Amino acid sequence: MFRLLIFGGTTEGRELAEYCAENGINADVSVATDYGAALLPNKVNVLCGRLDAEQMTELIRSGYAAVVDATHPYAAEATANIRCACTAAGAHYLRLLRKTSAVCGKQVHDMDELTELLNGTEGAILSTLGSKSLAKLTKVQDHRQRIWVRVLPSEEILEQCRELGYDEAKVIMAKGPFSTAENVEHLRKSGAGILLTKESGATGGYPEKAEAARLCGAELVTLTHPTEQGYSFDEIIYIIEKELKK
């Protein structure tokens, strides 16, 4: 019997898992965190836990003919591990691409370019880049005074903020998706003249952040991600239904 493994934790991964469940495709979803698992409906079989490349290979070899990589566009290490595991296990690898939105404001290509840009500015900054960017943002001069961060509600992340010298009073702990109004609220609360975001597309709330920055007169700075090779949601479905599930 054809079995599909989806590496998810994203909106795209959830949507693909729901499609499979509703259309009789035998699919399991692997996510790294409880938060990723919480995005999925009860009818989907979820495998929760962070895996390295060797563990991924072992999992794929347990009986999966194909793998869909629906991880976050910025999860480069996870994507590299999934690719290697599929090669080692001899399974079909399919990369599910996120729909993009037009990028507004200034663009930077990596965290070093971003911190260099920010060190040439003044005033408060609101980062919506997530907890993985916290360490590199400490390279911004006076980061404790200047930077507000919006992160997932987690005592572990809050402790990380403390250890890295962020002002706890400038940590906004909230779970998205965020509306334009909520983004405006957070910009006004922080008094930030600069909003940092990823090129996260519509599913990642990029249009709402761009509009909030416009309404508040804040400068939007977008961390872009490298161009990837892969397939749209509809293309993935076609490949599964017409080429693999035979």
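User: Let's start with the nonpolar core. Which residues of the largest nonpolar core touch the most other members?

Analyst: The general idea: in soluble globular proteins, nonpolar side chains tend to be buried together. A nonpolar core here is a set of buried Ala, Val, Leu, Ile, Met, Phe, Trp, Tyr and Cys residues joined through side-chain atoms within 4.5 Å. Buried means under 20% relative accessible area, exposed over 50%, partly exposed in between (1.4 Å probe, protein chains only). In this predicted model, the largest core has 22 residues, and L4, I6, L16, V68 and I240 touch the most other members.

User: Which helices and strands supply at least two residues of this core?

Analyst: Helices (H or I, at least four residues) and strands (E, at least two) are DSSP runs, numbered from the N terminus. At least two core residues each come from β1 (4–7), α1 (11–22), β2 (27–31), β4 (66–69) and α11 (233–244). Helix α11 gives the most, with 5 residues. Apart from this core lies another of 21 residues, including L118 and V221.

User: Before we go on, what should I know about the model and the numbering?

Analyst: It's a predicted model: local features need pLDDT of at least 70, side-chain atom pairs count only at pLDDT 80 or more, and totals for chains, interfaces and linings use all residues. Residues are numbered from 1 along each chain as its sequence is written, and side-chain values use heavy atoms, with hydrogens and water left out.

User: Okay, sheets next. In what order do the 5 strands of the open sheet come?

Analyst: Two strands pair if DSSP finds at least two bridges between them. Here the order is β3-β2-β1-β4-β5, with parallel pairing. β3 (45–48) and β5 (92–95) are the edge strands, each pairing on one side only. Look inside the sheet and you'll see β1 and β2 paired over 4 bridges, with L5 opposite D28 in β2.

User: And what is the order in the open sheet of 6 strands?

Analyst: That one reads β6-β11-β10-β7-β8-β9, again with parallel pairing. Its edges are β6 (106–108) and β9. Strand β6 is joined by 3 bridges to β11 (residues 219–223), where Q107 stands opposite T222.

User: Which way do the side chains of β8 point?

Analyst: In a regular strand the side chains alternate between the two faces of the sheet. In β8, I147, V149 and V151 point one way, while W148 and R150 point the other way. On the pairing side, W148 is the bridge partner of L126, and V151 has M173 in β9 as its partner.

User: How does the chain get from β8 to β9?

Analyst: A crossover is right-handed if, with the strands pointing away from the viewer, the path from the first strand over the helix to the second runs clockwise. The chain crosses from β8 through helix α8 (residues 155–163) to β9, and this β-α-β crossover is right-handed.

User: Last one: at what angle do α9 and α10 pack?

Analyst: Axes are lines fitted to C-alpha atoms, for helices over the stretch in contact, and angles run from 0 to 180 degrees between N-to-C directions. Helix α9 (residues 180–190) and helix α10 (residues 206–216) pack at about 50°, with their axes 8 Å apart. So α9 is oblique to α10 (under 35 degrees is roughly parallel, over 145 roughly antiparallel, 65 to 115 roughly perpendicular and the rest oblique).
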